[in-house]
Amino acid sequence: MKNIMNSRLLILVVLFFNFTMIAQELEKEIVEVPVVTKTVQGTFDGYEDDIFSFTYATEDGDEANIFFKNIKPEFLKAYELKSNKYVGKSFSITFDTVEEAEVDDDGDTQYNRVRTVTKLALIK
């Protein structure tokens, strides 16, 4: 009887240590992803296929397009960007950019740039 109790206790201890080691390994895989915040002035081009499009001037003075899938709800409520009401209007746009890692079926890691508008103000 004593051997059975000792065996059970030993199994519980081994399982506990295995779980602890697995949890530590999972913690090691979590990588801090830097968030880059930037502000630009851009002209609203429109909304299509769940994407908001703006045109802005780069640091070199060239014209470029920037696309957002994520805009904080309070700005969608304040500005009806899903309609044509603000097409051609200028905005100050502050957004965060995060590189998100995604592993495909082959085990290869793909990095996707995700931008979220955190501030939006109409320039009059």
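Modeller: Two strands pair if DSSP finds at least two bridges between them. Please keep in mind that this is a predicted model.

Colleague: In which sense do strand 1 and strand 5 pair, and over how many bridges?

Modeller: Strands of a sheet pair through backbone hydrogen bonds, either parallel or antiparallel. Here, strand 1 (residues 35-48) and strand 5 (residues 90-103) pair in the antiparallel sense, over nine bridges. Within strand 5, F95 is the residue that stands opposite K38.

Colleague: What is the order of the strands in the open sheet?

Modeller: The six strands follow the order 3-2-1-5-6-4, and their pairing is mixed. Strand 3 (63-68) and strand 4 (70-71) are the edge strands, each pairing on one side only.

Colleague: Which side chains meet in a salt bridge?

Modeller: The count comes to one salt bridge. The side chains of E99 and R113 form it, at 3.1 Å from N to O. This pair links distant parts of the chain, with E99 in strand 5 and R113 in strand 6 (residues 109-122), 14 residues apart. E99 is partly exposed at 33% relative accessibility, whereas R113 is exposed, with a relative accessible area of 54%.

Technical notes
Residues numbered from 1 in each chain as written. Predicted model: local features only at pLDDT ≥ 70, side-chain atom pairs only at ≥ 80, totals over all residues. Heavy atoms only, no water. Helix = DSSP H or I, 4+ residues; strand = E, 2+ residues; numbered from the N terminus. Salt bridge = Lys/Arg side-chain N within 4 Å of Asp/Glu carboxyl O. Buried < 20%, exposed > 50% of the residue type's maximum accessible area, 1.4 Å probe, protein only.
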